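Student: I have a structure to go through and would like to begin with how the chains meet. Could we take it step by step?
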Amino acid sequence: MNRRRFLRSGLGAIAARPASLVIGALGADMAWATPRAQPAYQRLLILVELKGGNDGFNTVVPYTDPAYYALRPKLAIPRDHVVQVTDRVGFHPALQSLQPLFDRGRLAVLLGVGYPAPNLSHFRSIEIWDTASSSDRYLADGWLARTFAQAATPSRFAADGVVIGSNDMGPLAGSGARALALANTDQFLQRAKLARSEPSTGNPALAHILKVESDVVRAATHLDTSRTLATDFPGTPFGNVVRTACHVAASPGGVACMRLTLNGFDTHGAQAGTQARLLRELAEGLIALQNGLTEIGRWDDTLVLTYAEFGRRPHENLSGGTDHGTASAHFALGGSVRGGVYGAMPDLSRLGSDGNVTHTLDFRSVYASVLDRWWGIESAPVLGGRYEPVDLVRS
Amino acid sequence: MRLLRPFVFFVIAALALVGAVHGARAATADTLGAEGARHLLTRTGFGATPSEIARYAPLTREDAVERILAATRTLPVLAPPAFATAGGPLPRPGPNASAEDRKTYVREQARDTLALRGWWIDEMLATPSPLTERMTLFWHNHFVSSQQKVRPARLMYAQNATFRRYAVGDFRALLHAAAKDPAMEVYLDTVQNRKGAPNENFAREVMELFTLGEGHYTEQDVKEAARAFTGWSIDRDTGAFVFRPRLHDDGSKTIFGQRGDFDGDAVLDLILARPDTARFVVQKLWLEFVSPQPDAQAVARIAGRFRASGYDIKVALRGLLLDPAFWAPADRGTLVKSPVELVVGTLHTLELAPPDGLPYALAAAGMGQNLFAPPNVKGWPGGDRWINATTLLARKQFLARLARAIPAPTAPMDAAPVASMTSMPATAAANDAVTTLQQRAARSVERALARIALDAGTWVAAQPGNDVPAKLAFAQNVLLPLAPVTGDVAEARAQRDPVLFVRAALLDPVYELK
């Protein structure tokens, strides 16, 4: 271990935990001498990707803002249809089922989440989110892959993380992470018998194949999905994704994180019907996720976060849709979430020259909450800088 | 036996040495030899049979590449399904169609698309020019459109025919044709793009993904180009491209710093005039054919020739296939086979002729490549990203089933991996139909694999060579681009067991590579 690495992980161990706890348990010198962060990986992170770029302004609606109604003569949600959750913002009617969760303080709304100098390409922007980079920097590894490289998950874990509903590893992409794409756990375990664990050698493509094969063998050894769940999962694509997620979460040889994907949010035309269907699918899936996690006793140690490459432009286009935007609203939910509204609704009366809003909350602050507050890992080395965490976890 | 094994290995090693010497004699300084022939054919086609390898082995690199380029086609050899070339108005639900009618429409188009998938797999197996189909597939994954948004299967066939017509032809003509292709017009919302109400979708993607690459244009260029493409539409009666002057914004635009009242064709020509376009396309072709690490200098050199030729795709391909990097030993086996290459290439290499391509199209879909339905406008990312836990196991499952390494299931195989086939239902209500479709698809893959008869003994016996060890040595070069990772292949060769050998070779991780 080089000196820099030692210092970083040593500092990480101290910064990550309340000082009294570190001193009480180990003594300050011990903690310094033993650069062994103990991240709280028994706490599960579930990222939900709203792929294509969900329209945040019709998801969390600024229903008292005349500018919103002026920008969207056709697409605006009428005030009396909005599920009003505060005196300023409300949910799309298709998210009605999430209201009780908000009222009980287990659902947080994050407003204006984005980053400076936004990129409007789907692919570049999701890369920025997945690698937690600035828009002018290119990083190879996902932010969760970097997290696990800095602070490894326990060896009894089946994997660092799994992605469900997508073939893209997203924030788990990178040479280091033990990450799996899963479609169906039973089928995975059955087919895993075809995999063999061989040392990873050869050219990068071969090394990748051998690593995936070894990860499969390891995950299959540690995953136990024999538990039957009583929870009723919707028969939608996202419902199936949530079902698989709950089976993984129920397995004793667990994972630290999952990334679930719901596709189809790139609504350039005829948005109203498509988005309503997708948001209903999302809400029903999230409620099933809550029920499933509650059934297996993990709701209180799970943090669910939505994200997407961008939101959409406030001004509707003449195709009944919206073009690529910038900052957007997102949700955090879980048994330990401190509910409420975080950040500020971007100012719809002051749009940039491209018709887009300026973010009010940097997405890396949300990631910092995951690292600093949820897992107890120093966030700055992972994120390449210090971002003020959002206080969305109950202490 | 324990004493015998080292001796057997010694014999194998000695025979391999003889084979290598023999191969070296065949591969003189100027000729490909069996290994070079296998490399060229699998990189430009779908696997290669022993007899094809034997035909190409005595050729020089130049002659072999010219032979492959000369054989390219502009038309398929197999007639497409009848609906694909039917004239008349496009089938589409009217503005007042009931929900039930719409569902029926979506289902019918999905069914026709299945037929199209099966036909394309058949064409890949039947064509005398596999490169034509590889390039048609390359353009499908470059100028991306997905039936799941476009809907009419007939438009997807028309687009496929366009890609084949220009597959190894004129990139300038291809770009113009792809931009005006009706399926593309629907997929990237060109039909919604009107004067005073621009929709930027196509204008952005044509620059970012089809020509210049991200970072080589500005947001201003996108906005202005979107105005230039206004008025491009589809004739409702014929389903063909039509220009509607009344919807076109003929005002002045500034694109790449140049000012003029550009229309869509003029924007495409402005794009073609920029060197970034040739570089971007050649770089993507390099990743497809040569290696995962493009050599910037070689790409620039080949792109220069490509541009100077007036965008003759053959010039680019010739440059890539004759570049030293293409032949470098270090670049052998560094590319991951796409699911379609794995499935079609395995059938072709093992000389299996299935009666119907559809189950194999569905098998590829289960591995992450559902023809006519790429995941998004960027297409399948390819390379190492073909391989994750789910897709690798789907690939191994297919190969194991084909090689009879695992028994056929008593219950129908689980349908989950085919999820991507219909992962975008039009309505939540369509989900039931989707589930049934997936289960049917999975069962059809199982049935097809149960019926197909791989006779490894006959296949190995037909290889060149005087005895079984020599035939197995030749067969190993046919199947594997690198030395096998597991010991199973050597074990099967030691036992001189062709069935075990083919099984071990197909299941070796190296078989996933080309």
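Tutor: A term is needed at the outset: a salt bridge here is a side-chain nitrogen of Lys or Arg within 4 Å of a carboxyl oxygen of Asp or Glu. Please also keep in mind that this is a predicted model.

Student: How many salt bridges does the rule find across the interface of chain A and chain B?
Tutor: The rule finds four salt bridges between chain A and chain B. One of the pairs in a salt bridge is Asp168(A) with Arg385(B), whose closest N and O atoms are 2.3 Å apart.

Student: Which elements of chain A give two or more residues to the side that touches chain B?
Tutor: They are helix H6 (122-131), E7, helix H8 (185-191) and helix H9 (204-222) of chain A. H9(A) gives the most to that side, with nine residues.

Student: What area is buried between the two chains?
Tutor: About 4,100 Å² is buried between chain A and chain B, and carbon and sulfur atoms give 58% of that area. Phe123(A), Arg191(A) and Leu194(A) supply 18% of what chain A buries against chain B, more than any other three residues. In terms of contacts, 47 residues of chain A meet 55 residues of chain B.

Student: Back to E7(A). Which way do its residues point?
Tutor: Strand E7 of chain A covers residues 179-182. Ala179(A) and Ala181(A) point one way, Leu180(A) and Leu182(A) point the other way, and all are buried.

Student: In which sense does E7(A) pair with strand E6?
Tutor: Strand E6 (residues 161-164) of chain A pairs with E7(A) in the parallel sense, over four bridges. Within E7(A), Leu180(A) is the bridge partner of Val162(A).

Student: Changing topic: what is the secondary structure of chain B?
Tutor: Chain B has 25 helices and four strands. Of its 514 residues, 56% are buried. The accessible surface of chain B comes to about 20,000 Å², with 57% belonging to carbon and sulfur atoms.

Student: One residue there, Ala453(B): where is its place?
Tutor: Ala453(B) lies in the loop between helix H21 (431-451) and helix H22 (456-461) of chain B.

Student: Why does Ala453(B) count as exposed?
Tutor: Its relative accessibility is 61%, and exposed means over 50%. Therefore Ala453(B) counts as exposed.

Terms used:
Residues are numbered from 1 along each chain as its sequence is written. Chains are lettered from A and ligands numbered from 1 in the order in which they are written. This is a predicted model: local features need pLDDT of at least 70, side-chain atom pairs count only at pLDDT 80 or more; totals for chains, interfaces and linings use all residues. Side-chain values use heavy atoms; hydrogens and water are left out. Buried means under 20% relative accessible area, exposed over 50%, partly exposed in between (1.4 Å probe, protein chains only). Two strands pair if DSSP finds at least two bridges between them. Accessible areas come from the Shrake-Rupley method with a 1.4 Å probe; for residues, only the protein chains shown count as cover. Contact means heavy atoms within 4.5 Å. Buried area is the accessible area (1.4 Å probe) that two parts lose on being put together, summed over both.
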